[in-house]
Amino acid sequence: GGYYNKLQNLQQPITSPVTGGSAVTNVGESKIKGIEASFIAHVANFNVDASLAYNDTSLGAVSLIASYRLPPTATNSPQCATGQTAGCFDYRPFFVSLSGGSNPFSPKLTFDAGVDYGIPLGSATLRPRVTFSHVDKQYGSVFQTDNYFLMPARNLVGASLAYESGPWVVQAYGTNLSDETYIQAKRDNYEYYGAPRQFGLRVNRTF
């Protein structure tokens, strides 16, 4: 599948030069295009599944105040008028062009894959499974600045072993087996980390 979206008047939180405080405003258009593909195969006792998405985004012509670079003296201070020096702040040196940059939280490539094998045990089945997922780097802001907003790429590996008998499934599993430390989300000045290595047991019965 393929897609092409053109968003007008994309809204983003900004630092307003009028008040020096936070505001939400329209920052122009944004183009989002890409492809998605999925694959499922059953070969003898093997099951293989995979999905891939390539996403390309670009902002239109827009310049905003790089709020992360502002000194404390700029807090809630309006833009200085010509000749004014007191009770204001000159934001002009802190404007940066974001034209052509990517949208926030828009990794270029995401990929997921899994493979399992059914081992017959009389009337039951023992099914080991291995999974892998990749998410490219992305930014938690329209500002493409590694020191503040970068969310690095991550690769996660998981595995499980399921015992299937009639309506019952008992599965032991492990996630993030390499215990990778990764940023899952960013908001304002906060970083939210993904779950560390985890192990568990699931019991399921269908009716």
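The lining of the largest pocket splits into 15 nonpolar, 11 polar and 4 charged residues (Ala, Val, Leu, Ile, Met, Phe, Trp, Tyr, Cys and Pro count as nonpolar, Asp, Glu, Lys and Arg as charged, and the others, Gly among them, as polar). This is a predicted model, where local features need pLDDT of at least 70 and side-chain atom pairs count only at pLDDT 80 or more, while totals for chains, interfaces and linings use all residues. Numbering runs from 1 along each chain as its sequence is written, and side-chain values use heavy atoms, with hydrogens and water left out.

**Largest pocket**
- Its volume is about 820 Å³ (the space filled by probe spheres set on grid points, which are joined across faces, edges and corners).
- A pocket here is an open set of points on a 1 Å grid over the protein atoms alone, where a 1.4 Å probe fits, with protein on both sides within 12 Å along at least five of seven lines; lining residues have an atom within 4 Å of a point.
- T15, S67, F149, D188 and N189 are the closest to the centre, out of 30 lining residues.
- β2 gives the most to this lining, with 4 residues (strands are DSSP runs of E, at least two residues, and helices runs of H or I, at least four, numbered from the N terminus).
- Elements giving two or more residues are β2 (11–15), β6 (63–65), α1 (146–149), β15 (183–187) and β16 (190–193).

**Second largest pocket**
- You get about 230 Å³ of space in this one.
- Of its 17 lining residues, T131, F132, G158, A159 and T175 sit nearest the centre.
- β13 is the top contributor to the lining, with 5 residues.
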